Amino acid sequence: MTVSPTATEGRPFGRVLTAMVTPFDTDGNLDTALAQQLACYLVDRLGNDGLVVNGTTGESPTTTDEEKERLLRAVSEAVGDRATVVAGAGTNDTAHSVELARGAEKAGAHGLLVVTPYYSKPPQEGLYSHFTTVADATELPVMLYDIPPRSVVPIQTETLKRLAEHPRIKAVKDSKHDLLAGSDVIANSDLVYYSGEDPLNLPWLSTGAVGFVSVVGHVVGDRLRQMLDAHESGDVATAREIHYGLLPVYRSMNFVGGVIFSKTALRLCGYETGQPRLPLPSATDEQVRIIASDLWDAGLVLVNPDAATEVTSR
């Protein structure tokens, strides 16, 4: 089985991963040069030791399979073995997910993120068969993505424990918001947990999660790493202080959504990644002002002077 370059004991995908946006040029086409620049910034400047490519924050529902492969190859080439590259391969079609997983393996991914099939509302046995079929398709380690707010159907605790018996299913990205259920899985299986909901990053650490798959890591990945370091060293007060300092960033992300927040926040911080693809719209002027205000409140330096002067109080 493939071993991720930043994997350590108990952390098969590293510690702090950002679910990376997909950069588009002014015509809305995939821009692999910008993607490489962004990947290097996230790893070398902000301390992410992992990137999720072609995930939901990467607008996977609106990128083609060919674009997904080109993006993955570009990012893998840019970061080399400095970060673990996890490819989003999940869809609501098992056969298509298998194709994406095999393509990701050929394109250089170190692991797979496989989301619960959305819209179809499969029963638990269907979820089990879906995930194991995708995991059987490659030699890559798999992180399950449990996000019932989008997929409707949760991966139930007993299903997760069954899936933990598969040799390549290693972890869960949790966006279910159920710390009790997650604690049960952590305590009674070999699956490791990564927080997939930024406002709950610190609470998840207290239950035994080993890291984050973050959206706000686009602009505060370094602080997430500091929070994780502080918590693991026993300095819970510092970890809590960092968490409180990130509240304005969490607020903006929840207000406008992950893709719109990330692309706008990056632009305000000096990194252009283009506009989202429909059905996701560009941020409105008011949303830009709110995001700028919250980034400012969190102590981030905005390199766009116009954006900084338009900051409004809330």
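The structure is a predicted model in which local features need a pLDDT of at least 70 and side-chain atom pairs count only at pLDDT 80 or more, whereas totals for chains, interfaces and linings use all residues. Residues are numbered from 1 along each chain as its sequence is written, and side-chain values use heavy atoms, with hydrogens and water left out. Helices (H or I, at least four residues) and strands (E, at least two) are DSSP runs, numbered from the N terminus.

Two packed helices are described by the angle between their axes and the distance between the axes. Here the axes are lines fitted to C-alpha atoms, for helices over the stretch in contact, and angles run from 0 to 180 degrees between N-to-C directions. Helix H2, covering residues 65-79, packs with helix H3, covering residues 94-107, at an angle of about 30 degrees, and their axes are 9 Å apart. This angle makes H2 roughly parallel to H3, given that angles under 35 degrees count as roughly parallel, over 145 as roughly antiparallel, 65 to 115 as roughly perpendicular and the rest as oblique. The crossing of H2 and H3 is right-handed; a crossing is right-handed if the near helix is turned clockwise from the far one by less than a right angle, and left-handed if anticlockwise. From H2, the residues Asp65, Lys68, Glu69, Leu72, Arg73 and Ser76 meet His96, Leu100, Ala104, Lys106 and Ala107 of H3, where contact means heavy atoms within 4.5 Å. The residues of this contact divide into four nonpolar, two polar and five charged, with Ala, Val, Leu, Ile, Met, Phe, Trp, Tyr, Cys and Pro counted as nonpolar, Asp, Glu, Lys and Arg as charged, and the others, Gly among them, as polar.

Arg70 also has its place in helix H2, and this residue is partly exposed, with a relative accessible area of 37%; buried means under 20% relative accessible area, exposed over 50%, and partly exposed in between (1.4 Å probe, protein chains only). Leaving aside neighbours within four places in sequence, Arg70 is in contact with Leu30 and Thr32. The C-alpha atoms of Arg70 and Asp294 are 34 Å apart, while 224 residues separate the two along the chain.

Asp294 is one of the buried residues of helix H13, which also include Gln287, Ile290, Ile291, Ala292, Ser293 and Leu295. Helix H13 (residues 285-297) has 13 residues and reaches 18 Å from its first C-alpha to its last, close to the 18 Å expected at 1.5 Å a residue, the expected span being 1.5 Å times one less than the number of residues. The axes of H13 and helix H11, which covers residues 247-256, come within 8 Å and cross at roughly 160 degrees, and the two helices are therefore roughly antiparallel to each other. H11 passes H13 in a left-handed crossing. In this pair, Pro248, Val249, Arg251, Ser252, Phe255 and Val256 of H11 meet Gln287, Ile290, Ile291, Asp294, Leu295 and Asp297 of H13, and by class the contact has seven nonpolar, two polar and three charged residues.

Backbone geometry was examined next. Most residues other than glycine have a negative phi, and most peptide bonds are trans. Glu59, in the loop between E2 and H2, has a positive phi of about 60 degrees although it is not a glycine, and at 2% relative accessibility this residue counts as buried. Tyr119 has a positive phi near 70 degrees and is placed in the loop between strand E4 (111-115) and helix H4 (124-136), but Tyr119 counts as exposed, at 73% relative accessibility. Just after H13, Gly299 takes a positive phi of about 85 degrees. A cis peptide bond, with omega about 20 degrees, joins Leu278 and Pro279, and Pro279 is found in the loop between helix H12 (258-268) and H13.

Two further loop residues complete the description. Thr57, found in the loop between strand E2 (50-53) and H2, is buried, with a relative accessible area of 10%. Not counting residues up to four places away in sequence, Thr57 touches residues including Ala19, Met20, His218 and Ser262. His177 lies in the loop between strand E6 (169-174) and helix H7 (179-188) and counts as partly exposed at 40% relative accessibility.
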